[in-house]
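Welcome! Take a look at the structure below, and then we will walk through its cores and pockets together.

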Amino acid sequence: MSISGVSESMQNYLKVVWGLQEWSDDPVTASVIARRTGVRLSTVSDAIRKLTEQGMVEHAPYGKISLTELGRAHAVAVVRRHRLIEAFLVDALKYRWDEVHDEAEVLEHAVSDLMVERMDEFLGHPRRDPHGDPIPAPDGSVEHPDAVRLTGVRPGTRARVERISDLDPARLQYFADHGVVVDAHLEILESGPYAEAVVLRVAGREATLTLGAATTDAVWVSRA
């Protein structure tokens with residue numbers, strides 16, 4: 001789907017709503033969007049009102065926000081652009097995975113539909129971006145891995161990293177330095193009584209790594 005008929009600002013809000021719903025069942029509200037974007041609540045509320053009038057979202061007063069079929073189609077089109085651009089920057093231009101998010105935020109609104117499809121073809125139609133997020137297909141379908149947050153994985157489990165949140169570039173650098181990247185294999189170890197942390201070993205490395213809940217919440221894994 002072409003996104004040319006939707007303003008850049010509205011594209012961003014649709015993408016944020018999609019992103020908040022993609023990996024979480026928590027309700028999306030105007031205040032949640034305001035916290036994610038750093039925008040004033042009154043500004044978010046005005047944008048959501050406009051999107052509701054355009055048939056892009058459904059929003060009960062003071063309640064949760066959800067995408068309509070039309071809103072989802074536009075959101076997924078923007079997400080497809082963003083993630084393909086991230087993949088292109090890493091694979092073709094050798095950006096680090098912690099450098100691509102902000103670049104893609106700008107370029108997703110500037111490139112043409114033709115360029116998006118040419119990037120897809122050049123990359124061999126990738127299914128994931130550098131952080132493991134699925135790249136929507138041209139028809140809008142999205143294939144998510146069967147994955148859970150690392151926080152809830154029990155000791156003794158062997159797991160494979162499927163996805164890492166890209167919201168914090170410094171955290172991505174830290175993960176890369178310690179080998180916690182997409183497709184890495186992890187062994188979850190005992191952390192001791194009352195410890196609110198996950199202790200793990202990355203396959204191929206001797207040292208163990210101890211991560212707090214705020215960090216493990218950013219990692220999604222599947223059973224290896």
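## Starting inside: Ile33

Leaving aside residues up to four places away in sequence, Ile33 touches Tyr13, Val16, Val17, Leu20, Val28, Val44, Ile48 and Ile65. Please keep in mind that this is a predicted model.

## The nonpolar cores

Ile33 also stands out in the largest nonpolar core, which has 23 residues: together with Leu14, Leu51, Val57 and Ile65, Ile33 touches the most other members. At least two residues of this core come from each of α1, α2, α3 (41–53), β2 (65–67) and α4. The biggest contribution is that of α1, with seven residues.

There is also a second, separate core, made of 20 residues, with Trp97, Leu150, Leu172 and Leu186 among them. As a general background, nonpolar side chains in soluble globular proteins tend to be buried together.

## The largest pocket

Now for the open spaces. The volume of the largest pocket is about 1,000 Å³. Its lining counts 37 residues, and those nearest the centre are Val16, Gly19, Leu20, Arg36 and Leu167. Two or more lining residues come from each of α1 (8–22), α2 (30–37), α4 (69–91) and α5 (100–107).

Which element gives the largest share of this lining? That is α1, with nine residues. By type, the lining holds 14 nonpolar, eight polar and 15 charged residues.

## The second largest pocket

The second largest pocket holds about 340 Å³ of space. It is lined by 18 residues, and Arg127, Arg128, Pro134, Ile135 and Glu143 are the closest to its centre. This lining is made up of eight nonpolar, four polar and six charged residues.

Methods. Residues are numbered from 1 along each chain as its sequence is written. This is a predicted model: local features need pLDDT of at least 70, side-chain atom pairs count only at pLDDT 80 or more; totals for chains, interfaces and linings use all residues. Side-chain values use heavy atoms; hydrogens and water are left out. On a 1 Å grid over the protein atoms alone, a cavity is a set of points where a 1.4 Å probe fits but cannot get out, and a pocket is an open set with protein on both sides within 12 Å along at least five of seven lines; lining residues have an atom within 4 Å of a point. Grid points are joined across faces, edges and corners, and a volume is the space filled by probe spheres set on the points. Helices (H or I, at least four residues) and strands (E, at least two) are DSSP runs, numbered from the N terminus. Ala, Val, Leu, Ile, Met, Phe, Trp, Tyr, Cys and Pro count as nonpolar, Asp, Glu, Lys and Arg as charged, and the others, Gly among them, as polar. A nonpolar core is a set of buried Ala, Val, Leu, Ile, Met, Phe, Trp, Tyr and Cys residues joined through side-chain atoms within 4.5 Å. Buried means under 20% relative accessible area, exposed over 50%, partly exposed in between (1.4 Å probe, protein chains only). Contact means heavy atoms within 4.5 Å.
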